[in-house]
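Hi,

Here is the structure I promised to pass on. Please have a look at it first, and then read my notes below.

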Amino acid sequence: MLDRLRRMVGGGAGASTPPASAGRSTHNRHYVTAAPSAQHQLDLFRGEWTSAVPLPGEDTVSGPRRDLFDDPRMAWMIDRLRPGERWRILELGPLEGGHTAMLEQAGATDIVAVEAHERAFLRCLVVKNLLDLRAHFLLGDFVAYLRHTAERFDLCVASGVLYHMAEPLQLLQLIAERCRRVFLWTHLYDPVVMARRPDVAARFSGTTRLEQAGTTCTGYRYEYREGRGLPSFCGGPLPHSHWITRDALLEALRAFGYTHVEVAFDEPDREHGPALAVLAWR
C-alpha cells in the first residue's frame, strides 16, 4: 500500500516531478531539501491542478481556476439554505475541495466528501491539510456509496457530476433516498442549442432510453474521446456519459420525491454546453 501511494504521489500517470531547483534532492527525487512550504505540497501534483488554491499570506502556484474556492453558484445555495454545524452534508465529487472549503466557511462541520479519482482524492487531502479542513474525504465510487450506506443527510452537494454519469436517473434516485435536500450544477442537453453549437454537438453519438423506478427519459450519449488521456481529466470513469434535458431533470427530481425545485444560473450558451443550477428539497 505504501509503495502504491508513493507511485501515485511521486510518479503516477500524468505526474510531473519537480526539478531539483525547486528544492528536490539531486540524489533522490522523493526528498525535499528546502524548508517546508505549501508550494512543496502543491508541487506534488504540478500540472494537474484545476483550482487556484487560496493560501492567504503565501504566494503559491497551483491551477488556473480561481472561482472554485469562491464559486457564486455555491454562494447562492449557501445563502438560500444557510447550512450550519448541525447539518450532515454529503458532497459528491469534491475534485480539489473548493466547495468543501466554502461549506466549512459557511459553518458546516459535518461533511462527507466522496471522490472516485485517485489523484483528485490525494489533491483533496493536500487542500485539507493546507486549509485545516474538518471534512472527511473518502476514496471510492459515490454511486456504490449511496447504494450501500445507511446514512441520511440534510444536504447533498453534487456540482459538476450528473452529466458525467452513464445512468443519471439512478444517481438522482439514490440521492433522493438519502438526502432531504440536493444542490446540483450540471450541463444539460438542449436540441435547440446543439443546432447552433456544432462544436458541442459533435461530442454526441446517439441516444438511449433511460429508466429508473418508473421514471424514463432520453439519454444523449456524450463521448469523452481524447480528453480522458489528459492529466487534468475530471470526468466519469467510462468512455462516455449520458446527458439529459432540463425538463427530464426537473421531472425526475419531482418524481423521486422533491416537492420544491428552484433553478438559477441558467446558462444555455455556456462554453461546454447548456448548464444550470438546481436546488430541490422536501
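A contact here means heavy atoms within 4.5 Å. With that in hand, residues 24 or more positions apart account for 62% of the contacts in the protein chain with a separation of 6 or more. Please keep in mind that this is a predicted model. The chain holds ten helices and ten strands, and 51% of its 282 residues count as buried.

Let me start with helix 3 and its partner. Helix 3 covers residues 72-81 and helix 4 covers residues 98-105; their axes lie 10 Å apart and the two pack at an angle of about 30 degrees. Since angles under 35 degrees count as roughly parallel, helix 3 is therefore roughly parallel to helix 4. Their crossing is right-handed. On the helix 3 side the contact is made by M74, A75, M77 and I78, and on the helix 4 side by H99, M102 and L103. Sorted by class, the contact has six nonpolar residues, one polar residue and no charged ones.

Which residues of helix 3 are buried? They are R73, M74, W76, M77, I78 and L81. Their cover includes helix 4, along with strand 4 (155-159), strand 5 (181-187), strand 9 (260-267) and strand 10 (275-281). Just after helix 3 comes R82, which takes a positive phi of about 55 degrees.

Next, a proline to look at. P94 sits in the loop between strand 1 (88-92) and helix 4. Is P94 buried or exposed? Its relative accessible area is 5%, so P94 is buried. Leaving aside neighbours within four places in sequence, P94 is in contact with T100, A113, V114, E115, C124 and F137. Take C124 from that list: P94 and C124 are 30 residues apart in sequence, yet their C-alpha atoms are 7.6 Å apart in space.

Now for the aromatic residues. A pair of aromatic rings is described by the distance of the centres and the angle of the planes. Counting rings of Phe, Tyr and Trp as paired if their centres lie within 6.5 Å, there are eleven aromatic pairs. One of these is Y163 with W185: the ring centres are 6.2 Å apart and the planes stand at 85 degrees, so the pair is edge-to-face. Y163 lies in the loop between strand 4 and helix 7 (168-178) while W185 is in strand 5, so this pair ties together parts that are 22 residues apart in sequence. Both Y163 and W185 are buried.

F204 and W243 make another pair, with ring centres 5.0 Å apart and planes at 85 degrees, so this one is edge-to-face as well. Here F204 belongs to strand 6 (residues 204-212) and W243 to strand 8 (residues 240-243), and the pair links distant parts of the chain, 39 residues apart. F204 counts as buried at 14% relative accessibility, and W243 is buried with a relative accessible area of 2%.

Which residues form one aromatic cluster? Y163, W185, Y189, F204, Y220, Y222, Y224 and W243 do, and so both pairs described above have their residues in it.

Terms used:
Residues numbered from 1 in each chain as written. Predicted model: local features only at pLDDT ≥ 70, side-chain atom pairs only at ≥ 80, totals over all residues. Heavy atoms only, no water. Axes fitted to C-alpha atoms, helices over the stretch in contact; angles between N-to-C directions. Helix = DSSP H or I, 4+ residues; strand = E, 2+ residues; numbered from the N terminus. Parallel < 35°, antiparallel > 145°, perpendicular 65-115°, else oblique. Left-handed = near helix turned anticlockwise from the far one by under 90°. Nonpolar A, V, L, I, M, F, W, Y, C, P; charged D, E, K, R; others polar. Buried < 20%, exposed > 50% of the residue type's maximum accessible area, 1.4 Å probe, protein only. Phe/Tyr/Trp six-rings, centres within 6.5 Å; stacked < 30°, edge-to-face > 60°.
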